[in-house]
Amino acid sequence: MRDGPVILEDLHVFLADCHARLAFDLVGNTWNAVVVWALREGPRRPGDLRERIGGISAKVLTETLRRLEYNGLVSRRAYPEAPPRVEYELTDLGRTLLPLIGAFGEWAFDHGDAVLDAQDRAENARDRAGAALDRAEHV
């Protein structure tokens, strides 16, 4: 842990082997952040996670949980029962991501409509440019 804030402008934080790129890779994967957020209230079984998240296949959930476990953000606990039961929960390290993911969620809530509007404008401009090109080719 550091004493005081890190000034990103003073560091080469975006080099291929830097910690900032590692962090962006971890939260940049859509499912990583979603699964971490879904685990914020405690351990969950994979089926519970799929219901809670929605729109994620069992395969993608398994891959995501393995990736999070590999990175030390999630722990897996298998119970010696028949049928087998497995639960996943955030590690202390994984919990440190919750405020960041929450902040992204707040940003999305506050600015998501503006982003969607910008996307609509870009698509409309692209469509108009394509239509103009089509008209020019038929002249």
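Trainee: Does Gly42 count as buried or exposed?
Mentor: In this predicted model, Gly42 counts as buried, because its relative accessibility is 9% and the cut-off for buried is under 20%.

Trainee: Where is the place of Gly42?
Mentor: Gly42 sits in the loop between H2 and H3.

Trainee: And which residues does Gly42 touch, not counting those up to four places away in sequence?
Mentor: Gly42 touches Tyr88 and Arg95. Gly42 and Tyr88 are separated by 46 residues in sequence, yet their C-alpha atoms are 8.5 Å apart in space.

Trainee: What about Pro43, then: where is it found?
Mentor: Pro43 is also a residue of the loop between H2 and helix H3, which covers 46–53. Pro43 is partly exposed, with a relative accessible area of 39%, whereas Gly42 is buried at 9%.

Trainee: Which residues is Pro43 in contact with, leaving aside neighbours within four places in sequence?
Mentor: Pro43 is in contact with Glu87, Tyr88 and Glu89. For Pro43 and Glu87, the separation is 44 residues in sequence and 6.0 Å in space, C-alpha to C-alpha.

Trainee: Let us change topic to the helices. At what angle do H2 and H4 pack?
Mentor: Helix H2, residues 30–38, packs against helix H4, residues 58–70, at about 80 degrees, and the two axes are 10 Å apart. H2 and H4 are therefore roughly perpendicular to each other.

Trainee: Which residues make the contact?
Mentor: On H2 they are Trp31, Asn32, Val35 and Val36, and on H4 they are Val60, Leu61, Thr64, Leu65, Arg67 and Leu68. Sorted by class, this contact of H2 with H4 comprises seven nonpolar residues, two polar and one charged.

Trainee: Which residues of H4 are buried?
Mentor: Leu61, Thr64, Leu65 and Leu68 are the buried residues of H4. Viewed down the axis of H4, they fall within an arc of 100 degrees, so they line one face of the helix.

Trainee: Why would residues three or four places apart point the same way?
Mentor: An α-helix has 3.6 residues a turn, so residues at a spacing of three or four places point the same way.

Trainee: What do the buried residues of H4 pack against?
Mentor: They pack against H2, H3, strand S1 (74–79) and strand S2 (85–90). On the other side of H4, the exposed residues are Lys59, Arg66 and Tyr70.

Trainee: How many residues does H4 have, and what distance does it reach?
Mentor: H4 has 13 residues and reaches 18 Å from its first C-alpha to its last, which is close to the expected 18 Å.

Trainee: And what is the phi of Gly72?
Mentor: Gly72, which follows H4, has a positive phi, near 80 degrees.

Trainee: On to the peptide bonds: is the one from Ala82 to Pro83 cis or trans?
Mentor: The bond from Ala82 to Pro83 is cis, with omega near -5 degrees. Pro83 belongs to the loop between S1 and S2.

Trainee: Finally, the whole chain. How many helices and strands are there?
Mentor: The chain has six helices and two strands. Along the sequence, they follow the pattern α-α-α-α-β-β-α-α.

Trainee: What percentage of the residues in the chain is buried?
Mentor: Of the 139 residues in the chain, 24% are buried. As for contacts between residues at least 6 apart in sequence, 44% join residues at least 24 apart.

Terms used. Residues are numbered from 1 along each chain as its sequence is written. This is a predicted model: local features need pLDDT of at least 70, side-chain atom pairs count only at pLDDT 80 or more; totals for chains, interfaces and linings use all residues. Side-chain values use heavy atoms; hydrogens and water are left out. Axes are lines fitted to C-alpha atoms, for helices over the stretch in contact, and angles run from 0 to 180 degrees between N-to-C directions. Helices (H or I, at least four residues) and strands (E, at least two) are DSSP runs, numbered from the N terminus. Angles under 35 degrees count as roughly parallel, over 145 as roughly antiparallel, 65 to 115 as roughly perpendicular and the rest as oblique. Contact means heavy atoms within 4.5 Å. Ala, Val, Leu, Ile, Met, Phe, Trp, Tyr, Cys and Pro count as nonpolar, Asp, Glu, Lys and Arg as charged, and the others, Gly among them, as polar. Buried means under 20% relative accessible area, exposed over 50%, partly exposed in between (1.4 Å probe, protein chains only). The expected span of a helix is 1.5 Å times one less than its number of residues. The arc is that of the directions from the helix axis to the C-beta atoms.
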